[in-house]
Amino acid sequence: MAQAPGWKEIPIGGMIPEKATSRKYMTGTWRSFRSVWHKDRCIQCTQCWYVCPDFAIMTDSDSKVTGVNYSYCKGCGLCSKICPVKPEKALTMIKESDAKKEMSHADTEGSGKVPNVAKT
Amino acid sequence: MAKFEALTGNNAVAYAMKQINPDVVAAYPITPQTSLMEKFTEYVADGEIDTEVVLVESEHSAMSATVGASAAGARAMTATSSQGFALMWEVVYIASGLRLPIVMPLVNRALSAPINIHCDHSDAMGGRDSGWIQLWSENAQEAYENMIQAVRIAEDPKVLLPVLVNFDGFIISHGVENVSLYDTEKVRNFVGEYRPKHYLLNAKNPITIGLLDLTDYYFEHRRQMADAMKNAYGVIGAIADEFKKEFGPSYRFIEPYRMDDAEIAVIGLGSTMGTLRVVIDECRAKGIKVGSLKIRVFRPFPDEELARLVSGLKAVAVLDRADSLNGISGPLFTDVRSALYGKTAIPVSDYVYGLGGREITLDNLRQIVTDLGTIAGTKKAPRESTYLGVRV
């Protein structure tokens, strides 16, 4: 395994000389809960996309929600909290330890795929 | 063509800032800095310069705004004293950690408590480990000239550290002197345009700064700062050479006075070094071989030059206008003695004086020379500082 760079090799002052580097940081690895999208219940209000702090709600080119990006979903539960659908929400929270691969819609865990930012 | 004007130290520094014409100045008033900013903002209000002045709600905000402006790519400055410096303390460390070439005049005033608005060096001493370069001025002329050089020192790509330009509150800031002012065009040519390599307002090459480091990177970034401070020795010397070529006066790290055949010497910072020369001349007339060493660059500390300058002496005394309250001495003494350790065994004694603006008299300074004469013979300096001028 390569050694991390020395002080002469890195930019000074902790500056990062590129943009959008947060995409490289898989915040999904932090979670102990994950949000699960239920396509059949979803009314496509996109409030979940709006509140997600990690842009982890995926949308297509028509601005329709297509799923949760597990590379970045930290399991904060805001999407589930705001989901207005009754009697059962279109986004529910489950324990990460209970998550099975088959349960995830559009599971992109570890792929580093960037969610579409809806064109407004 | 240089012109002479009778100016207070604050006005001389404000004039230097006017000639530099920084992009942004964010500041908050505090005695004895206030009239510096009043003068500077007058220049802006009169349309003589186009600096963006931000009147913030506290010194913490002042340094924060200055850091933000500097990071964005502006040549940014602020100014303060005492409690103001203390209030902006966390951001002072951030400024140097982010490697921003901010220049700040610090009008030296005692730290509270008790509240005291007069001169001592405790404020600057609080920042001696902050990674800021520190220049010290004896009078308004030096404050003016240090400001001009400070911009070049800070912005040098091998340095990129903020610079503190110190000058004594009231004594220099409010005292009127004949100051030789240089042609604005020449000053502008000397400081040049600020061309940062990396800055935030750059859509072509965007950057992010102010990030978190975990245990795996913090040390490396701090090591870079040590490297920059070491580079500052060379850069400060080079800028002084350029300044001499362009404007005339020569600047060193340490200014010796009547040191050629000296046997004893007094080391110190700031305006008292001027007062001291009266006593040195008096003692010399009596045949006492005493000289003085005025430290102009305190950070980085000129340890090797100091050791060279005192090498043949019998005893030295340090004037500390601040107390470290470490059970032993003031802060300058600690650096001086540490610099000399292993290089010379001469006795070094410390005098804490002038706290809270307490006047230092010629008699006080004569006492030091007398003491040095004794110590030169006994070869033993007292373990603790002598508190000069305090009522017992």
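How close do the axes of helix α10 (residues 272–285) and α13 of chain B come, and at what angle do they cross? They come within 9 Å and cross at roughly 55°. This is a predicted model, in which local features need pLDDT of at least 70 and side-chain atom pairs count only at pLDDT 80 or more, while totals for chains, interfaces and linings use all residues. Residues are numbered from 1 along each chain as its sequence is written, and chains are lettered from A and ligands numbered from 1 in the order in which they are written. Helices (H or I, at least four residues) and strands (E, at least two) are DSSP runs, numbered from the N terminus. Axes are lines fitted to C-alpha atoms, for helices over the stretch in contact, with angles from 0 to 180 degrees between N-to-C directions.

**Helices α10 and α13 of chain B**

- The crossing at roughly 55° makes α10(B) oblique to α13(B) (under 35 degrees is roughly parallel, over 145 roughly antiparallel, 65 to 115 roughly perpendicular, and the rest oblique).
- On α10(B) the contact involves B:Thr275, B:Leu276, B:Val278, B:Val279 and B:Cys283, and on α13(B) it involves B:Leu362, B:Leu365, B:Arg366 and B:Val369 (contact means C-beta atoms, placed from the backbone, within 7 Å).
- These residues divide into 7 nonpolar, 1 polar and 1 charged (Ala, Val, Leu, Ile, Met, Phe, Trp, Tyr, Cys and Pro are nonpolar, Asp, Glu, Lys and Arg charged, and the others, Gly among them, polar).

**The sheet of chain B**

- Six strands form an open sheet with mixed pairing, in the order β9-β11-β10-β13-β14-β15 of chain B (strands pair if DSSP finds at least two bridges between them).
- At the edges stand β9 (254–257) and β15 (386–388) of chain B, each with a single partner strand, so one side of each has no neighbour in the sheet.
- On average, neighbouring strands of this sheet are turned by 25° against each other, direction ignored.
- Strands β10 (residues 264–268) and β13 (residues 315–320) of chain B pair in the parallel sense over 4 bridges, and B:Ile267 has B:Val318 in β13(B) as its bridge partner.
- Helix α12 (residues 331–340) of chain B packs on the sheet, touching β10, β13 and β14 (348–353) of chain B, with its direction at about 150° to that of β13(B).
- Helix α13 (residues 362–378) of chain B lies across β10, β11 (290–295), β13, β14 and β15 of chain B and runs at about 150° to β13(B).

**Domains of chain B**

- Chain B is divided into domain 1 (3–247) and domain 2 (254–388), with bounds from an automatic or database domain assignment.
- Taken over C-alpha atoms, the centres of domain 1 and domain 2 of chain B are separated by 28 Å.
- Contacts join 25 residues of domain 1 of chain B to 19 residues of domain 2 of chain B.
- On the domain 1 side, α6 (122–125), β6 (133–136) and α9 (218–247) of chain B are the elements that give two or more residues, and the largest share, 5 residues, comes from α9(B).
- That side of domain 1 of chain B has 14 nonpolar, 6 polar and 5 charged residues.

**Chains A and B**

- Between the chains, 12 residues of chain A are in contact with 17 residues of chain B.
- The chain A side has 7 nonpolar, 4 polar and 1 charged residues.

Technical notes: Contact = placed C-beta atoms within 7 Å.
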